[in-house]
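Subject: Structure for you to look over

Dear colleague,

Here is the structure we spoke about, with the sequence alongside. Could you look through it while reading the notes below?

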Amino acid sequence: MAKKLVDSIQMEVRSVQPCRREFDFTVPAEAIKSETAKTLADFARAVSVPGFRQGKAPLGMLRTKYASDIKEELQRRIIYAAYEMASGDKSLDIVTCGVEGEPALEFDKEFRFTLGADVAPEFELGDYKSIKVELPLDAVTDEQVEERVKFYRTMYGNYVDVDGAAQKDDMLKVSYSSDFPVPEDASAALKRQLAADNTFLWLSEPETIPGCMKALEGAEKGKEYTFDAVYPADYREAALAGKTVKYTVKVEAIQRREALSDEALAEKARVKSIEEFRDMLRKTMEQENEAKRRNEATEAVYRKLSDLVGEFELPPNVLQAEEQKELQKIAREVVKSEEDAEKFKKEIETHKARATEAAKASLRRTFILRKVAKEEKISLEQSEVDSQLRDMSRYYGYKEKDFRAMLEKNGGMDELQLDILNAKVLNHLAEQASK
């Protein structure tokens, strides 16, 4: 029986750091020759060579003509076998693994290369099953219910024309223009963003034009105002991203929501009376308080669990990747213009320190909950992922298929699954801690 490739490869493991291992592999020349022959035979069956029937071209000619391709395939097979050997070491929980350097394989010669691997940290969970948490459930007061009713009276109210100065949350009927030259190929949306007649601007978030709230609060009907709008670097219209545009706005009218009466609010909410609406709100607010208490309980449990575990080392490459992800997240939060970008560069060390702190906290949480999941035999079901995807796609206004494809393309699916599993583990711990 022919000897398997993995049986010919020699492997040695070295501990480089607490969470870093290097696997040194040696493939003897004889094994290279044997595997080359197998690869070449497979290659011969797959390629067509003029003048020869399929699979009948001389192997020596193929080896010379396609040497680079054959070496690439041979090296791929060997490294795949090495991955299989490294992952077979059950004493190590490998998180990431990759080839070190750029190994160069040669026909008929011994081949040496190294795989570097980050492994999960080793730590004890301690007596985590004894963790207890007691958090009281906040009662919903009559005053809180009335405050919520007041909010809905205004939110559902109709806009009516008012006199006097414009206030926050008002709707202004305006005509505006800008000093930004309209590109010849400008979309209808871009044209509307730069100039419009008899349209509406809301003095609330999100702003239709950046800075319009600050510029137009206090504005009066019939008057004209100018202000500079600074568009963020990631603005949806690429032509305006990072640009500063001067706007001239004439206020045609000011409208404000008029609070609804009891009867009108009940009708709007599709209930029989304002008392029924209050009862409905109270139940909703009680559910909100319960969700808040549950979240506080999970965080309290995690804090106690983290204290119980103590400090441990984190895998270096995984940490570095997480730091980059956190730094990019910070950049998206703070960089909205060219000026912000320059400031970000000047303060990069501060941002890096913040990113490192966030990355360490995130990875620490992940590894602790990962270990609890193994101990408690908690796993993620596909139905749970599908349910979360449905909810998120509805929330963000996407078709579920498109939202799933977007996550898979940008690498967000793994992160989503990790978030769901972590939440499942924390909820399990919180339930146990509350008994």
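Phe52 has a relative accessible area of 37%, so Phe52 counts as partly exposed; please bear in mind that this, like everything below, comes from a predicted model. The residue sits in the loop between H2 and helix H3 (59-65), and, when residues up to four places away in sequence are not counted, Phe52 touches Ala57, Pro58 and Met61. Phe52 and Arg20 are 32 residues apart in sequence, while the distance between their C-alpha atoms is 51 Å.

Strand E2 (residues 20-27) and E1 pair in the antiparallel sense, over seven bridges. The open sheet to which they belong has four strands in the order E1-E2-E4-E3, with antiparallel pairing. Strand E1 (10-17) and strand E3 (94-99) each have a single partner strand and stand at the edges, so one side of each is left without a neighbour in the sheet. On average, and with direction ignored, neighbouring strands of this sheet are turned by 25° against each other.

Next come the helix pairs.

Helix H2 (residues 29-46) packs with helix H4 (residues 67-87) at an angle of about 120°, and their axes are 10 Å apart. At that angle H2 and H4 are therefore oblique to each other, and their crossing is right-handed. On the H2 side the contact is made by Ile32, Glu35, Thr36, Lys38, Thr39, Leu40, Asp42 and Phe43, and on the H4 side by Asp69, Ile70, Glu73, Leu74, Arg77 and Ile78. Sorted by class, the contact of H2 with H4 has six nonpolar, two polar and six charged residues.

Helix H10 (residues 316-334) and helix H12 (residues 348-376) pack at an angle of about 125°, with 8 Å between their axes, which makes H10 oblique to H12. The crossing of H10 and H12 is likewise right-handed. H10 contributes Val318, Leu319, Glu322, Glu323, Glu326, Leu327, Ile330 and Glu333 to the contact, whereas the residues from H12 include Ile348, His351, Lys352, Arg354, Ala355 and Leu363. The residues of this contact between H10 and H12 divide into nine nonpolar, three polar and seven charged.

His351, found in helix H12, may be worth a separate look. Is His351 buried or exposed? With a relative accessible area of 10%, His351 is buried, because the cut-off for that class is under 20%.

The residues of the contact of H13 with H14 divide into five nonpolar, two polar and four charged.

Phe123 lies in the loop between strand E4 (111-119) and helix H5 (142-155), and at 8% relative accessibility Phe123 counts as buried. Which residues is Phe123 in contact with, leaving aside its neighbours within four places in sequence? They are Val309, Phe312, Phe367, Ile368 and Lys371. Phe123 and Glu313 are 190 residues apart in sequence, yet the distance in space is 9.1 Å, C-alpha to C-alpha.

Glu146 lies in helix H5 and is partly exposed, with a relative accessible area of 36%. From Glu146 to Arg278 the separation is 132 residues in sequence and 7.9 Å in space, C-alpha to C-alpha.

Conventions:
Residues are numbered from 1 along each chain as its sequence is written. This is a predicted model: local features need pLDDT of at least 70, side-chain atom pairs count only at pLDDT 80 or more; totals for chains, interfaces and linings use all residues. Side-chain values use heavy atoms; hydrogens and water are left out. Two strands pair if DSSP finds at least two bridges between them. Helices (H or I, at least four residues) and strands (E, at least two) are DSSP runs, numbered from the N terminus. Axes are lines fitted to C-alpha atoms, for helices over the stretch in contact, and angles run from 0 to 180 degrees between N-to-C directions. Ala, Val, Leu, Ile, Met, Phe, Trp, Tyr, Cys and Pro count as nonpolar, Asp, Glu, Lys and Arg as charged, and the others, Gly among them, as polar. Angles under 35 degrees count as roughly parallel, over 145 as roughly antiparallel, 65 to 115 as roughly perpendicular and the rest as oblique. A crossing is left-handed if the near helix is turned anticlockwise from the far one by less than a right angle, and right-handed if clockwise. Contact means heavy atoms within 4.5 Å. Buried means under 20% relative accessible area, exposed over 50%, partly exposed in between (1.4 Å probe, protein chains only).
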